[in-house]
Amino acid sequence: MNCIGYIRVSTERQADEGYSLDAQRQDIERYCQLYGIELIDIIADEGISACNLEREGLHRALNMINVGLVEGLVVAKLDRLTRSVKDLGYLLEEYFTKYALMSVADKIDTSSASGRLVLNIIVSVSQWEREAISERTKKALDIKGERGERKGNIPYGKKLSADGLHVEDNLEEHVIIETIKELRINGMLLQDIALQLSFDGYQTRSGNPFTLSHISKLARM
């Protein structure tokens, strides 16, 4: 069997301190060597969230499967592919009923019915955990609001009003957001947008260059 590998990190911090791209790459290579799988290539998405499937690297990997260049996809860990039950269901239906999906850390291989069952259970539990955390966080923020406390950080594109009582539009940051959106619509890659922003003198609130994950988030606002 020949397969394509897929690796992903959400942020630069995760790349340095978490499950780095290099660590994922090594796990996939060892797995394929152990089970006699021909690894055609490993495609990476760096600084991209798994909140949806709109990822350039993932699209390339899935296209290789779709046109029959490879017989399956190997990931180091399932959450590198998706964190959504809905997206997982789509992937299973569109790709991994015919082709194989293998996750090294989760010991999953969808070439069998039992593998597909375990995969659905794992992702369902994972989503339940995230929703439970989200509910607890929302309740805590609601309590703060009732007490008259400001909820969390001011989102990008907004600023605290002069009287400090509410937030209002930050016109300078809106210019940056619209610039990013326009460049993205025109097909520019995230790393090229980062270079363009740096060239134009745009920086984050902390005075640092924009990261790929930050640009990706602002492009979806």
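This is a predicted model: local features need pLDDT of at least 70, side-chain atom pairs count only at pLDDT 80 or more; totals for chains, interfaces and linings use all residues.

Let me begin with a definition, since much of what follows rests on it: contact here means heavy atoms within 4.5 Å. With that in hand, residues 24 or more positions apart account for 61% of the contacts in the chain that have a separation of 6 or more. Residues are numbered from 1 along each chain as its sequence is written, and side-chain values use heavy atoms, with hydrogens and water left out.

The chain has eight helices and seven strands, where helices (H or I, at least four residues) and strands (E, at least two) are DSSP runs numbered from the N terminus. Of its 221 residues, 37% are buried; buried means under 20% relative accessible area, exposed means over 50%, and partly exposed lies in between, with a 1.4 Å probe and protein chains only.

Let me turn to the nonpolar cores, each being a set of buried Ala, Val, Leu, Ile, Met, Phe, Trp, Tyr and Cys residues joined through side-chain atoms within 4.5 Å. The largest core holds 23 residues, and those touching the most other members are Ile4, Ile65, Leu73 and Phe96. Two or more residues come from each of β1 (2–9), α3, β3 (72–75) and α4, with α3 giving the largest share, five residues. Apart from this core lies another, of 15 residues, including Cys3, Tyr19, Ile37 and Ile42.

Leu81 sits in the loop between β3 and α4, and it is buried, with a relative accessible area of 0%. Setting aside residues up to four places away in sequence, Leu81 touches Tyr6, Leu53, Arg55, Leu58, Leu73, Val75, Leu91 and Leu101, and its C-alpha atom is separated by 7.8 Å from that of Ile7, 74 residues apart along the chain. Val70, in the loop between α3 and β3, is likewise buried, with a relative accessible area of 1%. The C-alpha atoms of Val70 and Cys3, which are 67 residues apart along the chain, are separated by 5.1 Å, and the residues that Val70 touches, not counting those up to four places away in sequence, include Asn2, Ile40, Met64 and Tyr99.

By contrast, Lys107, in the loop between β4 (100–103) and β5 (108–109), is exposed, with a relative accessible area of 73%. Phi of Lys107 is near 55 degrees, a positive value in a residue other than glycine.

Now to the helices. Which residues of α4 are buried? In this helix (residues 85–94) they are Asp87, Leu88, Leu91 and Leu92. They lie on the same side of α4, because they cover an arc of only 135 degrees around the axis, the arc being that of the directions from the helix axis to the C-beta atoms. Lys86 and Glu93 are exposed, on the face of α4 turned away from its buried side. In α8, the buried residues are Ile215, Ser216 and Leu218, and an arc of only 165 degrees puts them on the same side of that helix. What covers them includes α6 (171–185) and α7.

Finally, the pockets. On a 1 Å grid over the protein atoms alone, a pocket is an open set of points where a 1.4 Å probe fits, with protein on both sides within 12 Å along at least five of seven lines, and lining residues have an atom within 4 Å of a point. The largest pocket contains about 410 Å³ of space, a volume being the space filled by probe spheres set on the points, which are joined across faces, edges and corners. It is lined by 19 residues, of which Ile48, Arg55, Glu56, Arg184 and Leu190 are the closest to its centre. Two or more lining residues come from each of β2 (38–46), α3 (56–66), α7 (190–199) and α8 (212–219), and α3 gives the most, with four. The second largest pocket contains about 240 Å³ of space, and its lining includes Asn153, Tyr156, Arg205, His214 and Met221.
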